[in-house]
Amino acid sequence: MEQKLDLSPKFNHLLAASKILDFKAESLETLIEKRGWRNLSDMEKIKEIYNFVKDEIAFGYNSSDDISASQVLKDGYGQCNTKANLFMGLLRGVGIPNRIHGFTIHKALQKGAITGIWYKMSPTFILHSWVEVLFQNEWYNLEGLILDQKYLNALQNKFQDCKETFCGYGAYTDQFQSPQIEWNMNDTYIQKKGIHHDFGLYNTPDEFYKSHQQELGIIKRWMYRYFIRHLMNNNVDKIRKG
């Protein structure tokens, strides 16, 4: 159920910078100025930044979940958690309050992106998050920016016989051929069906990751950072290129 709140100074903490939400970094400031986002209406700000993160930041796997917004921009790709970092940072940079909602999701929705023994070795439940954005006293859940449109189109073409529920390759939705991923004052989702545990709301990703970390041992964490994620990104790129 959506909450109705009056925007007031008590929501200033939802506009604050942090180590992860480093929207004062030169690269983010330059991007915001270049795109002219501060000159738009609040609705246009949300929509333009949402579409930028969705489609101009490709779906892919970064070195870790808790990297800064500026690092996600530098990488040029991201997944649910890292795209959330960038989305939140850019929105706060133009004065749009937001917060993060943390979860775990079942690893089944990553099958195909990760395969073989690496899939078997991966944790059953994976950290997940979406961004909740405050606009006109309404909270909107915006998860649908995870998969870039080019990748999603290629995935839909690859599995064109699937018209309803689809799980794998970074998606878990009952509306595979027409998921609600465009924002027009509505919630958006692409992985929601895979949610297992709800950790609740946090003001910043920093707070979320201080309380919750992906359950990986030292060796598996090293393997993911330097080897496995690159295999996953290669799999994603192959699909994107058809």
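In this predicted model, Arg-35 is partly exposed, because its relative accessibility is 36%. Its salt-bridge partner is Glu-56, and the closest N and O atoms of the two are 2.8 Å apart. Arg-35 belongs to helix α1 (residues 26-35) and Glu-56 to helix α2 (residues 42-56), so the bridge ties together parts that lie 21 residues apart in sequence. Glu-56 has a relative accessibility of 46%, so Glu-56 also counts as partly exposed.

Glu-182, at 38%, is partly exposed.

Arg-38 forms a salt bridge with Glu-33, with 2.3 Å between the closest N and O atoms. Arg-38 is partly exposed because its relative accessibility is 32%. In total, the structure holds ten salt bridges.

Attention now turns to Gln-110. This residue lies in the loop between β3 (98-106) and α5. Its relative accessibility is 8%, so Gln-110 counts as buried. The side chain of Gln-110 makes a polar contact with the side chain of Tyr-61, at 2.4 Å. Beyond residues up to four places away in sequence, Gln-110 touches Tyr-61, Ile-126, Tyr-169 and Gly-170.

Tyr-169 is buried because its relative accessibility is 18%, and the limit is under 20%. Leaving aside neighbours within four places in sequence, the contacts of Tyr-169 include Leu-109, Gln-110, Lys-111, Gly-112 and Ala-113. Also among them are Phe-59, Tyr-151, Leu-155, Lys-158, Phe-159 and Ile-239. Tyr-169 and Phe-125 are 44 residues apart in sequence. In space, 15 Å separates their C-alpha atoms.

Two contacts of Tyr-169, Tyr-151 and Leu-155, are also buried residues of helix α6 (residues 149-158). Leu-152, Ala-154 and Gln-156 are buried in this helix as well. The cover over the buried residues of α6 includes β1 (58-59), β6 (166-168) and α8.

Rolling a probe the size of a water molecule over the atoms shows where empty space is left. About 560 Å³ of space lies in the largest pocket. Its lining consists of 27 residues. Those nearest the centre are Asp-65, Ile-126, Gln-214, Leu-216 and Tyr-224. Ile-126 is also one of the residues touched by Gln-110. Four elements each supply at least two residues of the lining: α4 (80-93), α5 (116-121), β4 (125-135) and α8 (218-240). Of the contributions to this lining, that of α8 is the most, with seven residues. By type, the lining divides into 13 nonpolar, eight polar and six charged residues.

Note on methods
Residues are numbered from 1 along each chain as its sequence is written. This is a predicted model: local features need pLDDT of at least 70, side-chain atom pairs count only at pLDDT 80 or more; totals for chains, interfaces and linings use all residues. Side-chain values use heavy atoms; hydrogens and water are left out. On a 1 Å grid over the protein atoms alone, a cavity is a set of points where a 1.4 Å probe fits but cannot get out, and a pocket is an open set with protein on both sides within 12 Å along at least five of seven lines; lining residues have an atom within 4 Å of a point. Grid points are joined across faces, edges and corners, and a volume is the space filled by probe spheres set on the points. Ala, Val, Leu, Ile, Met, Phe, Trp, Tyr, Cys and Pro count as nonpolar, Asp, Glu, Lys and Arg as charged, and the others, Gly among them, as polar. Buried means under 20% relative accessible area, exposed over 50%, partly exposed in between (1.4 Å probe, protein chains only). A polar contact is a pair of N or O atoms within 3.5 Å; within protein, one must be able to donate a hydrogen and the other to accept it, and residues adjacent in sequence count only if both atoms are side-chain atoms. Contact means heavy atoms within 4.5 Å. A salt bridge is a side-chain nitrogen of Lys or Arg within 4 Å of a carboxyl oxygen of Asp or Glu.
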